[in-house]
Amino acid sequence: RIEAPFAGVVENVAAELGEVVRVGEAAATIVDLSPLRVNVRVSQQDVAEVSEGGPARVAFATGAESWGRVCFISRVADAATRTFLVEVRVPNPEGDIPSGVSAEVRIPVGAVEAHLVSPAILALGDDGRLGIKTVGPENAIEFHPVEVVQAEAQGVWVTGVPAQARIVTLGQGFVR
């Protein structure tokens, strides 16, 4: 009689009834799907902002989405990529999400007010900084240096523009 030290799902049986199994040889593979552990690599510039116990939003390739918790942050960078391994545990009590599927992990590290804009309206200032041109209160063009917070398929999230602004979206290359 073979017993596993945890509950799970039998994924693979390597031995049949009546076969002899040597010490240390696998008789079966058991998968524990709850919680799922999702591994993600975080850049050296961003790892200091991630904290153990913090929340993480995980979107799986299956379409399932769930919140999890950061449970491990490596203290040593990968020599090849200079990134740090971060592990997120995601509850999966019904085992609906299979192990090994691709996932996108978003770890909130702070909140900032940002504008979602088309990258086409970004311009370079005279000093070479990236920015956005707006129409100011005197109907004069103003240049606001911006920082790209995040890029998405719909556009880029930028900070550095006033909360209320009339952004120049056409012909920004022709106005000063």
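**Reading strands, a core and charged pairs**

User: In β11, which residue is the bridge partner of Ile132?

Analyst: In β11, Ile132 has His144 as its bridge partner. This is a predicted model, where local features need pLDDT of at least 70 and side-chain atom pairs count only at pLDDT 80 or more, while totals for chains, interfaces and linings use all residues. Residues are numbered from 1 along each chain as its sequence is written, and side-chain values use heavy atoms, leaving out hydrogens and water.

User: How many bridges join β10 to β11?

Analyst: Strands are DSSP runs of E, at least two residues, numbered from the N terminus, and two of them pair if DSSP finds at least two bridges between them. Here 5 bridges join β10 (residues 130–135) to β11 (residues 141–145), and the two run antiparallel. Their hairpin has 5 residues between the strands, and Asn139 takes a positive phi near 60 degrees.

User: What has the most contacts inside the largest nonpolar core?

Analyst: Such a core is a set of buried (under 20% relative accessible area, 1.4 Å probe, protein chains only) Ala, Val, Leu, Ile, Met, Phe, Trp, Tyr and Cys residues joined through side-chain atoms within 4.5 Å. The largest has 19 residues, and those with the most contacts include Val38, Phe60 and Val105. β3 (36–43), β4 (55–60), β5 (65–73) and β6 (83–90) each supply at least two residues of this core.

User: Which residues meet Arg106 in salt bridges?

Analyst: Side chains of opposite charge can pair when their charged atoms come close. A salt bridge puts a side-chain nitrogen of Lys or Arg within 4 Å of a carboxyl oxygen of Asp or Glu. Arg106 meets Glu104 at 2.9 Å and Glu152 at 3.9 Å. Glu152 lies in β12 and Arg106 in β7, so this pair ties together parts 46 residues apart in sequence.

Note on methods: Buried < 20%, exposed > 50% of the residue type's maximum accessible area, 1.4 Å probe, protein only. Helix = DSSP H or I, 4+ residues; strand = E, 2+ residues; numbered from the N terminus.
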